[in-house]
Amino acid sequence: MPSESCSALVLRKTKLGETDLIVTMLSQDGSLIRAVAKGARKPGSRFGARLEPASAVDLLVATGHSLGIIQEVRCTITNEGCRVDLEHETGASVMLEALSKIAQEGDPLPRLYDLSVTALRALREAPVASIPLVTATHLLKAVSMVGFRPSLGACVRCGGSTRHDGAGSLDTQVSFSFSDGGCVCDDCRDTGDAIAIDRGVVDWIALLISSRFEDLPGFDVDPSLGLELLGFARTWLLVQLDIKLKSLAFMTDCGLY
Ligand SMILES: [Zn+2]
């Protein structure tokens, strides 16, 4: 039987039959892959502990079936710090669920894999108060990478000047349309479904999309801002990509942070 080796990030495990698992992963090329781990739920299975969500793994997969069969697995990054408490686990589950919906089978997005490995490292090292910010940054960067970057400069509808990029730039509120995909000018504000967003939030979105995860610990950020940015990401994913994340709804509403 032909087989292929690959590196991947484990996103989700689903039960199959009595003792097997279907493992959903983000391949190193950024595409979504699913494979069967036979006997992984049997006590003492050599697969079980090596296929935890958020782990990075090297795999040997037998192909030729509708779903590949995992033959060998070696864990290269355990990311155990992402499962150390409910707060970290919740942040990781948002990132992993988002990836399982953003990535597609047979559609490579190589930078998405590197971004996500870096984001999980930042998450496992983050103090609890910074988890919403790290999680929101991953979501904003990931959607930008796949072509859904919020437009934060000129008016997204007419190209005119907005309260964020020019005239009235001292205003504390910016008009933003989730359905149009970005900031809008005063003229377009009244003809669409724009809402007012704090200018500070829009500034942070722009900064975080262009920042590196290594820079985040240096930012002086109120913990509530992270939650506000997650709220933004939640609406953005829903309106722009038609993606609803159960774990994100839990994270923004759970009161853990
Ligand atoms: Zn306009």
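What is the volume of the largest pocket? In this predicted model, the largest pocket has a volume of about 320 Å³.

## The largest pocket

The lining of the largest pocket counts 19 residues. Ala126, Ser130, Val134, Leu216 and Pro217 lie nearest the centre. By class, the lining holds 12 nonpolar, three polar and four charged residues.

Three helices each give at least two residues to this lining: α2 (110-125), α3 (131-145) and α6 (223-241). The largest share belongs to α2, which supplies four residues.

## The zinc site

Which residues coordinate the zinc ion? The donors are the SG atoms of Cys155, Cys158, Cys185 and Cys188, at 2.3 to 2.4 Å. The angles subtended by these four atoms run from 104 to 117 degrees, so the arrangement is tetrahedral. For comparison, the ideal angle for four tetrahedral donors is 109.5 degrees.

Along the chain, the donors follow the spacing C-x2-C-x26-C-x2-C. Cys155 sits in the loop between α3 and β6 (173-177), and Cys185 in the loop between β7 (182-183) and α4 (186-189); the pair therefore ties together parts that are 30 residues apart in sequence. Are these two cysteines buried or exposed? Cys155 has a relative accessible area of 4%, and is therefore buried. Cys185 is at 6% relative accessibility, so it counts as buried. The cut-off for buried is under 20% relative accessible area.

His138 is part of helix α3. Its relative accessible area is 1%, so His138 is buried. Leaving out residues up to four places away in sequence, His138 touches Met95, Leu99, Leu115, Ser116, Ala119 and Phe213.

His88 belongs to helix α1. This residue has 6% relative accessibility and so counts as buried. Which residues does His88 contact, beyond its neighbours within four places in sequence? The partners are Gly81, Cys82, Leu123, Arg124, Ala126, Val128 and Ile131. One of them, Ala126, is also among the residues nearest the centre of the largest pocket.

## Positive phi in two loops

Most residues other than glycine have a negative phi. Ala54 has a positive phi, near 85 degrees. Ala54 lies in the loop between β3 (32-37) and β4 (56-62). With 1% relative accessibility, Ala54 counts as buried.

Asn79 is not a glycine either, and its phi is positive at about 50 degrees. Asn79 is located in the loop between β5 (68-77) and α1 (86-102). At 4% relative accessibility, this residue is classed as buried.

Is Thr235 buried or partly exposed? Its relative accessibility is 31%, so Thr235 counts as partly exposed.

How far apart are the C-alpha atoms of Thr235 and Phe178? The separation is 7.5 Å, although the two residues are 57 residues apart along the chain.

Notes:
Residues numbered from 1 in each chain as written. Predicted model: local features only at pLDDT ≥ 70, side-chain atom pairs only at ≥ 80, totals over all residues. Heavy atoms only, no water. 1 Å grid on protein atoms, 1.4 Å probe; cavity = no way out; pocket = protein on both sides within 12 Å on 5 of 7 lines; lining within 4 Å. Points joined across faces, edges and corners; volume = space filled by probe spheres on them. Nonpolar A, V, L, I, M, F, W, Y, C, P; charged D, E, K, R; others polar. Donors = N, O, S within 2.8 Å, 3.2 Å for Na, K, Ca; no water. Tetrahedral: all angles 85-135°; square planar, octahedral: opposite > 155°, others 65-115°. Buried < 20%, exposed > 50% of the residue type's maximum accessible area, 1.4 Å probe, protein only. Contact = heavy atoms within 4.5 Å.
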